[in-house]
Amino acid sequence: MRNIVLRANDGADHVISVAAASLCKTVASLLQDLEASKGEDTDPLIVPLPNVCNCTLQKVLGFCEQQRAFDELCTASPAAQQADLTRQIQAWQMEYMQVSTDELYHLVMAAHYLNVPRLLDLCTDAMAERIRGKSPAQVRECFGLKPSLSPEEEEEIRRSNLWALN
Amino acid sequence: MSELSDLPDGCTQLVLEFLSIRDVAACAASCKKMAALAQEPLMWIPRLKADFGVDIKARLQGEPGGQVDARELYRLASEAPSKDAIRFWGCFTDGGCDDHLRQYWVDNMFAPNPLESYCSALSGNVNCIGLLMEPNICENADASKEKYREYLLDRLRVPAGVIFGHGIVNLALIQQEQDFDGAVMERLRSYSLAELEHLFLEFYVELTAGHTIGRLLLHGLQGEDRERERSNLNAVASRAERNLHTKHNNLCFHPESRDIQFDSEALPLCGAHGFTRSVGIVERLRVSRAGQFSCPVLAGVVFLAHFDGDAVSSPQEVFDALQAARDSPVCKAFNGLKDEKAMSQAVRKGVVPRRTKYVVSSSGVHYNFAQQDILPSDTPHAAIGHLQPVAWFRFHNRRDYKRWATLTSPKTLWEGQDSDYDIRRTRRHTSTRGASPIPQGAAADYVEDHPAAAAPPAAQVQAHAGGLAQFVGDVQEMAQAWLGGASHAAMQDSDSDTDMSEAESDSDDGEVFDEEGSPRGTKGRDMMHIELQGRWAGNLALVKLIDQEDLMHEWEDQHDEPNIDINHVTLSGSVLQLPEGVSLSAA
């Protein structure tokens with residue numbers, strides 16, 4: 001079995017299992033290409049990730065390993081326990097998403113770059129959760145956005161969206 | 001600080017997808033990038049599907065028609081006024097039409113009035129299709145029919161009053177005494193168009209024969225007015241004659257089966273693709289079998305589909321497409337599913353979609369279906385998208401009605417997981433548990449309590465002596481014919497405002513009895529209101545009439561085989577007009 005090493009932008013290496021790595025579509029396709037060209041091999045696959053910092057990478061890998069474990073549990077458990085398991089997974093994900101907005105931003109970027117659809121879904125949903133119920137000014141404040149619309153433009157957009165507010 | 005606006009567009013779009021339209025509007029006003037993203041058709045096309053069931057395909061930018069403003073379309077959908085009836089044009093049936101007569105044609109089922117009905121020729125699994133037309137085409141036709149009906153009512157008011165007065169000449173009536181007049185009109189208004197036409201023709205024949213009673217049609221008119229009205233009467237008589245006795249002459253028939261019929265009449269009226277620009281967004285259904293039917297519908301299912309009119313170019317191609325719809329596997333899968341047990345088995349086999357809700361009312365039971373469950377190979381034709389079963393219904397028979405009659409509002413028996421579907425998925429065939437756990441305690445005791453005495457006639461008239469013997473004789477004869485037996489056609493819905501129950505022998509619990517005191521008809525269990533879960537869109541509605549309740553013995557119906565009779569199926573919600581360049585996806 002080939003080892004996979006993900007290298008963060010500060011040079012830190014993380015060894016992960018093929019099963020967990022397969023959740024990252026980017027890594028999975030690299031692996032596929034490699035096997036297609038070189039055949040079965042035990043040389044470790046080193047994937048440099050110049051866009052991902054060590055701490056974000058750790059967080060992403062934590063997600064991959066945990067989801068892999070949940071997947072195995074799901075296939076092994078009888079139907080009656082599925083609902084219970086789903087609750088467990090949701091609780092874990094909720095805990096996992098207790099991060100700052102800045103960390104969340106980096107997680108989305110990493111999930112996008114590594115192409116981990118499930119993590120991307122989870123993170124974008126968490127971002128949406130931080131937006132819900134906020135006014136335009138509050139959205140700007142929450143994400144540190146500089147005002148790029150003139151007051152007139154903002155008013156125009158607000159007016160054209162009045163129908164959506166009911 | 002990292003900015004939300006630095007995220008790749010794809011990610012920001014994902015975030016927006018999780019948000020309600022209210023929150024999307026707040027984001028749009030927060031920065032330039034968000035404002036641009038919130039306008040993207042890609043953002044709104046999936047929402048149109050998720051929130052309204054409308055699946056559109058838009059031409060790409062640069063093509064004729066240009067890029068569609070999907071956000072604007074979404075706004076139109078959310079602001080479209082709610083209508084009690086989205087008027088689908090009933091144009092196809094594969095179950096024939098009783099005696100091939102116009103008065104029982106399938107469009108009567110889609111017309112949202114209780115006065116006319118569809119009566120099939122065949123006895124089960126009858127597929128009826130209605131297409132949504134350009135706005136007002138059907139409505140205008142309905143209005144003109146209504147005007148014709150009003151004319152008949154107006155002319156029949158005095159003569160019918162004489163007949164309803166049980167053959168007694170009442171001068172007070174002719175001088176328009178209010179109470180009696182009101183009662184006469186109430187009774188007349190409960191007649192179907194065909195019944196009014198019959199009655200009219202009876203008087204008209206008397207008029208042309210020069211009899212006094214026929215002249216009542218011209219009551220109140222003098223001189224020139226009377227002559228003018230006489231020629232109107234001639235024209236109306238020939239129209240009534242044609243409606244009643246001629247077969248529907250604009251029908252296309254299947255070469256091998258005369259029962260597969262398509263009415264191409266309205267297609268030329270609305271241009272080649274007239275019906276494709278509108279789509280119905282359906283929230284509720286109403287199924288009525290109110291009327292004096294010998295074979296009222298028992299069970300049925302309603303489907304909706306997207307019909308892409310750009311994919312057909314002639315009435316024959318429309319006919320072919322509609323036949324393909326009724327031949328599709330998901331449509332056929334409902335054949336014979338006349339009770340809950342058959343439904344459960346079909347769900348377990350995986351031939352019909354998962355159910356999401358089971359509801360009982362005093363009239364019957366219904367299942368809702370899951371919207372997203374598309375079964376393989378259920379796209380019947382290049383022009384027709386997935387045929388989506390929306391709701392299955394079954395009216396109570398007399399026995400079940402006794403159990404549920406006292407239910408004042410619909411009761412949800414289960415909602416959410418379909419246990420039969422789960423059995424299929426987990427391949428556990430050991431369980432024999434049904435999917436329909438009817439709570440035993442919920443059934444209220446039913447006490448049979450009904451005064452069987454016949455109600456008095458619609459109105460009583462004071463007898464007046466005198467009158468010509470011939471005239472009295474005519475009146476008696478016609479009164480006998482009109483007040484004696486039951487008619488085939490529908491009467492008013494039992495929950496409509498102008499209930500005719502006073503004119504029938506009617507007991508407190510809604511059951512009707514014949515002269516011998518045996519229960520007769522389906523009163524009290526003839527109307528179902530079905531709330532859909534979410535909104536469902538389509539410009540094609542297919543109603544499959546699966547089975548009938550055979551009451552032929554009650555109404556002395558002498559036919560060899562039962563047919564299926566239904567008053568109407570009404571789809572309520574709103575109508576969205578699609579702009580040029582946008583058509584419904586049939587993929």
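Helices (H or I, at least four residues) and strands (E, at least two) are DSSP runs, numbered from the N terminus. With that in hand, chain A has eight helices and three strands. Their order from the N terminus is β-β-α-α-β-α-α-α-α-α-α.

Some ground rules before I go on. This is a predicted model, in which local features need pLDDT of at least 70 and side-chain atom pairs count only at pLDDT 80 or more, while totals for chains, interfaces and linings use all residues. Residues are numbered from 1 along each chain as its sequence is written, chains are lettered from A and ligands numbered from 1 in the order in which they are written, and side-chain values use heavy atoms, leaving out hydrogens and water.

Now the interface. Counting a contact as heavy atoms within 4.5 Å, 37 residues of chain A touch 33 residues of chain B. The buried area, meaning the accessible area (1.4 Å probe) that two parts lose on being put together, summed over both, is about 3,100 Å² between chain A and chain B. Carbon and sulfur atoms give 69% of that area. Of the area that chain A buries against chain B, Y105(A), L145(A) and W163(A) supply 21%, more than any other three residues.

How many salt bridges cross between chain A and chain B? A salt bridge is a side-chain nitrogen of Lys or Arg within 4 Å of a carboxyl oxygen of Asp or Glu. By that rule, the interface of chain A and chain B has zero. Over all chains, however, the structure holds 35 salt bridges.

Here are two examples. In chain A, E155(A) pairs with R158(A), the closest N and O atoms being 3.1 Å apart. These two residues are three apart in helix α8 of chain A, about one helical turn. Both belong to a salt-bridge network that links E155(A), E156(A), R158(A) and R159(A).

In chain B, K338(B) forms a salt bridge with D547(B), with the closest N and O atoms 3.8 Å apart. K338(B) sits in the loop between α14 (329–332) and α15 (340–349) of chain B and D547(B) in strand β17 (residues 540–548), so the pair ties together parts that are 209 residues apart in sequence. K338(B) is partly exposed at 40%, whereas D547(B) is buried at 14%.

Conventions:
Buried < 20%, exposed > 50% of the residue type's maximum accessible area, 1.4 Å probe, protein only.
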